[in-house]
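Trainee: Could you take me closely through a single part of this model, the salt bridges, and give the cut-offs as you go along?

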Amino acid sequence: MKVPIIMLGSVSELQSYIDKTQLTEDLGGTLDYCHNRWLSRRTAIEGFAQKVKQTAQILQSFGTELAETELPNDVQSTSSLLATHTEKKDKMKEDIRLAVEQGDDILGSITKPVTENPEYKLNQDQLDNQTTVKRLLAQLYETESAFDEFWIKHQQKLEQCLHLRNFEQNFREVKAALDIVSERLSAFTDVGNSCSHVEHILKDLANFEEKSFETVAKARMLASECDAFIKNNHYALDSITPKCSELHNLCDAFTTEMERKRNVLNKSLELHGLLEKSMKWCDEGIYLLASQPVDKCQSQDGAESALQEIEKFLDTGAGNKIKELDKIYIEYERILNEDLKEHVQKVFLKQVSMEEMFQKRQVSLKKLAAKQMRPVQPVAPRPEAFVKSPCTSPGLQRDCVSNTESGVLRKVNYRRGKSEMSELHQSRGGSTMDDEENLAVLRQHVMNELIETERAYVEELLCVLEGYAAEMDNPLMAHLISPELQNKKDILFGNMEEIYHFHNRIFLRELENYVEYPELVGRCFLDQMEDFQIYEKYCQNKPRSESLWRQFSDSVFFQECQRKLDHKLSLDSYLLKPVQRITKYQLLLKEMLKYSKNCEGAEDLQEALNSILGILKAVNDSMHQIAITGYDGNLNELGKLLMQGSFNVWTDHKKGHSKVKDLARFKPMQRHLFLHEKAVLFCKKREENGEGYEKAPSYSYKHSLNMAAVGITENVKGDAKKFEIWYNAREEVYIIQAPTPEVKATWVNEIRKVLTSQLQACREASQHRTLEHTQSLPLPAASSCTSPSRNNVRNVKKMDERKADLTALEGYVTTVAPKYTEKGKGWAKTSHSLDASEENDGWSSAEEPLNSSDAEEEGGGGGGGNEMKLTPGKYTVVTDYEKGVSEEFAVKSGDVVQLIREGEDGLWYVKNLTTGREGWIPANNVLMLIGNSKSAQSLSSSESGTASSTLSTSSSCSDSCNASSTSFSDIKG
């Protein structure tokens, strides 16, 4: 087809061909059309359509991703996944919002002319564009709505998954906590051994229930959440439902078990209340029997009064005693373990025994109350012949038999006398039995008090340890403890836990084994006496504990602990309990010993009492010892502390200015002495300051004396309370004045024991070295002993008896104050106090002198007499001897022997230092053995000038032991 082409030269020519309504404004027409606008609008619509398509694809892809995502198994992953998906969803929603805004803008630009001019009509092209944009927007809204619906389901599933994971995690935690509290609850198996113990357990159970309430509340709340999941049709019902049931069962089981435990303990409290009422009733009954005076009950009125007291008391037993044992077993079957059942049996047997005692007492009292004064019956006197002599001959016997009246009379009198004697014997026997019964009752009363107070003591210690000491380590209470108090538990409580374990695990159980044998309880104390030493450590720490308590007594922590324990007294009262308890034992033992004088265990009770008093003394001494200040060394190296006390002390030393000596003699010093095994310490007592234990004095150390170089003089002239302690051959002399003669005697005896033990130790060491030296030499040939002399035979038994005395006397060294010689031989003159007596006894652990002053006077110093005087000492044997009383004793020429002491009948107890053997030898034989031999210990004239009148200690014990040729010996007492 051919189309004509017309070439136009102007707009007017164009308008001639086309109507103005069909031409745009730039061609002079009226048509509203702009090509650039159409292009931009068309481009915007196509871009919007592309945007809608991409958004739909992205939403589709995101939905697929969400649908294919696996749900995590833990809370953190689930929470993270939900946050990630929510973030992506929010981004997608933002893209949709922007796309919608874009479509709305395009649509607004299309309809703008109409908006500006309501009469304006859109052309076809504008109408098509409007329809296209509206369709795209509708498609976008539909896609967004579908995505929102899908997201809601997905988000719900994720949230349910998160709730499920939280629930599972909480379930595991709550179940573990429930298992723990259930296990702790199951540990409440003890039904108690007394009312106070059961009450303590009930209080612990209540505290435990209060602490476990939070755990049970969490479990029940979690179970409620679980029920809500089921109600909301959770997607994991198969997993949730069993856990929900388990939670309900655990909570119900815990509550049921708690209630059961409480009921059991209440039942136990009821039983123990009944048992304690019965025991108290029995104790009151026993006390009533013991308090009834036997002498007053001998009268009819006294017996009737005692009967009324007994009957009145028995009437009170209706509500106090155990009536039927079988009913008790049935009623309390579920709480009766072996120990409690045994306890019930013991209480019941005690009750039965007490009732039997009451019955016996009632029978006895009824007899006394019913006894009437027998009237005096007139009796015809018997013939004089029968009174003066019995019928011994047959004739007289016939006369006796033929006299019917006299026979009947004698028979009546015999029966009456027999009856009266029987009643008298029964009365006396009954009185003796009553006395024994009363003593047994009193012993049982003391034993009951001992055991009951011991149980209460153990419970109080446990209460302090759990209510105070354990709470100091409780993190929940840490904020109440001041920083200065932290880590001070050991100072505050000392070794109280050690004391508690000893009494709870050992001593209380041992005591309960003696409940039926109270008179033997001394053995229980003796068996455990070593363990009681732990109290010394506690008492030594007590001053530090009390000082710490005074600093923090107002602490909120202690107040809170006291409130929880419901104690009326503060902690310091309970910290004093161990000190009070250890002093209580000696009072109870004294009471028990008082009522057990003639019992089997009286000796053990006395020994136990002495041991407890010894522990109290050691504790008291140690409290003073720890107050010593200024001593540079270690006090423990001085050995055991034996004595301590305050004295007036005068000094009298060889060294020093005479004026100082004179001044010291008349002005005593106040000194506190501490006697140890190895030294005696002189201290000055300081002023007492502070409060409580801080009032205890302290002692400033001044000087000390080594016991190896100490001697004593027991009596000082003019004062029975004085004695002397001297040092290094009286270079230093201390005159000690005790408060009383008894204190002085105690100190002198103790010092004597120390010196004796040192002397014995040195002697044994010397004998050991001599024996070793002898064993290195060839043994002498054995020879048979001839028969002992008559004197020896007569004194064999006496000598055997004296050997024991010699053993006891060995180590005691007694000398008489010297009588100074003019020739300078024997003992030399020494300085002595004006108050010192010339008859003082000296004691020392150093080597003793050979001869006494009496021996010197008789011997004439140079030995001028023809007959030699035997004195104790060491001599060299000049001839063989094999005729000792002991067949094993024999000496050879050259042996060194020691004359130890002179016995009776001219016998000397001799020791062969070469062989180590000992025996009794007649004095004549001794003279023959040693001849003119001089003692190995004799002092020369030059040596005698330095000897002391009393036992010198210039050579220490160790020096004496190092000399193999010298040993200690006893001077005759």
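Mentor: R523 counts as partly exposed, at 33% relative accessibility, where partly exposed covers the range between buried, under 20% relative accessible area, and exposed, over 50%, computed with a 1.4 Å probe on protein chains only. This is a predicted model, in which local features need pLDDT of at least 70 and side-chain atom pairs count only at pLDDT 80 or more, whereas totals for chains, interfaces and linings use all residues. Residues are numbered from 1 along each chain as its sequence is written, and side-chain values use heavy atoms, with hydrogens and water left out.

The partner of R523 in a salt bridge is D604, and the closest N and O atoms of the pair are 3.0 Å apart; a salt bridge here is a side-chain nitrogen of Lys or Arg within 4 Å of a carboxyl oxygen of Asp or Glu. R523 lies in helix α16 (residues 521-527) and D604 in helix α21 (residues 602-625), so this pair ties together parts that are 81 residues apart in sequence. Helices are DSSP runs of H or I with at least four residues, numbered from the N terminus.

Two further pairs each lie within one helix. In helix α13 (residues 404-469), E452 and R455 are three residues apart and are therefore separated by about one helical turn. The salt bridge between E452 and R455 brings their closest N and O atoms to 2.9 Å. Of these two residues, E452 is partly exposed, with a relative accessible area of 32%, while R455 is buried, with a relative accessible area of 14%.

Helix α17 (residues 534-552) holds both R550 and E546, which are four residues apart, again about one turn of the helix. Their salt bridge has its closest N and O atoms 3.1 Å apart.

Definitions and conventions: Helix = DSSP H or I, 4+ residues; strand = E, 2+ residues; numbered from the N terminus.
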